[in-house]
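Please look over the chain shown below before reading on. The report that follows moves from single residues to the chain as a whole.

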Amino acid sequence: LYLRRVREAVVSTQSTGKDTKLAGYHVPAECQLQWSQYCLHRNEKYWPNARQFDPERFRNGIPNVDTLTYLPFLAGPRACLGKHIAMISMKLTLSMLARNFDLAPQPMAAPPPSISQSMALIRMKGGPWFWFNPRKSEETVAEAS
């Protein structure tokens with residue numbers, strides 16, 4: 001769900017292998033086409049309330065949308081080879097964080113972080129504003145009593 005809203009890579013480039021037509025336009029062979037997942041993932045035509053963070057829309061997996069409107073790792077023969085490893089790594093990391101830490105928002109003494117766009121990458125200025133408070137393990141709780 002986060003991969004739809006905030007991607008690190010915001011544009012992709014593909015090369016046409018042969019002359020083709022795209023949306024009624026002639027595109028010559030070996031032409032470089034550039035498109036933006038950032039814009040696609042914010043298109044209200046495919047994503048109602050696209051700019052809203054709504055984890056519920058992914059409660060039962062990817063919602064019933066065209067498969068080419070949700071591209072966290074691209075698609076087809078040029079898709080990311082490591083997408084399965086990336087998803088497993090993210091799930092393991094999040095489960096370990098949830099098991100060992102309580103996540104709390106940091107008090108906002110300064111304005112909220114903004115997004116820095118550099119070339120085709122996107123990153124948060126100042127990083128995420130959260131506290132990771134270590135949970136007490138069962139052994140620590142038993143020793144304290």
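## Report on the predicted model

Y70 sits in the loop between α2 (37-40) and α3, where helices (H or I, at least four residues) and strands (E, at least two) are DSSP runs numbered from the N terminus. At 12% relative accessibility Y70 counts as buried; buried means under 20% relative accessible area, exposed over 50% and partly exposed in between, with a 1.4 Å probe and protein chains only. W47 is 23 residues away from Y70 along the chain, and their C-alpha atoms are separated by 9.5 Å.

This is a predicted model, in which local features need pLDDT of at least 70 and side-chain atom pairs count only at pLDDT 80 or more, while totals for chains, interfaces and linings use all residues. Residues are numbered from 1 along each chain as its sequence is written, and side-chain values use heavy atoms, with hydrogens and water left out.

The predictor's confidence in each residue is given as pLDDT, from 0 to 100. The protein chain averages a pLDDT of 75, and 72% of the residues score at least 70. Among the elements of the protein chain, strand β3 (residues 25-27) has the highest mean pLDDT, at 93, whereas helix α1 (residues 2-5) has the lowest, at 49. Where pLDDT is low, the predicted coordinates should not be read in detail.

The protein chain contains four helices and eight strands, and from the N terminus on its elements run α-β-β-β-β-α-α-β-β-β-β-α. Of its 145 residues, 17% count as buried. The accessible surface of the protein chain comes to about 11400 Å², of which 60% belongs to carbon and sulfur atoms; such areas come from the Shrake-Rupley method with a 1.4 Å probe, and for residues only the protein chains shown count as cover. Contact means heavy atoms within 4.5 Å, and among contacts in the protein chain between residues at least 6 apart in sequence, 53% join residues at least 24 apart.

A23 is found in the loop between β2 (20-22) and β3, and has a positive phi of about 55° although it is not a glycine. E30, in the loop between β3 and β4, is likewise a residue other than glycine with a positive phi, near 65°. P28 also lies in the loop between β3 and β4. Leaving aside its neighbours within four places in sequence, P28 is in contact with T16, K18 and D19; the C-alpha atoms of P28 and K18, ten residues apart along the chain, are separated by 6.7 Å.

| Residue | Relative accessibility | Class |
|---|---|---|
| A23 | 71% | exposed |
| E30 | 55% | exposed |
| P28 | 38% | partly exposed |
| W35 | 28% | partly exposed |

How many salt bridges does the rule count? A salt bridge is a side-chain nitrogen of Lys or Arg within 4 Å of a carboxyl oxygen of Asp or Glu, and by this rule the count comes to one. R135 forms this salt bridge with D102, the closest N and O atoms being 3.0 Å apart. Because R135 lies in the loop between β8 and α4 (138-144) and D102 in strand β5 (residues 101-105), the pair ties together parts that are 33 residues apart in sequence. R135 counts as partly exposed at 42% relative accessibility, and D102 counts as partly exposed at 37%.

A disulfide is a covalent bond between the sulfur atoms of two cysteines. Under the cut-off used here, a pair of cysteine sulfur atoms within 2.5 Å, the structure holds zero disulfides. C31 counts as partly exposed at 24% relative accessibility, whereas C39 counts as exposed at 51%.

On the surface, L94, L97, L103, F130 and F132 form a nonpolar patch with about 490 Å² of accessible area together. Patches are made of residues with over 30% relative accessible area and no salt bridge, like charges being joined within 9 Å and nonpolar side chains (Val, Leu, Ile, Met, Phe, Trp, Tyr) within 5 Å. At least two residues of the nonpolar patch come from each of α3 (83-100) and β8 (130-134). L97 is found in helix α3 and is partly exposed, with a relative accessible area of 30%.
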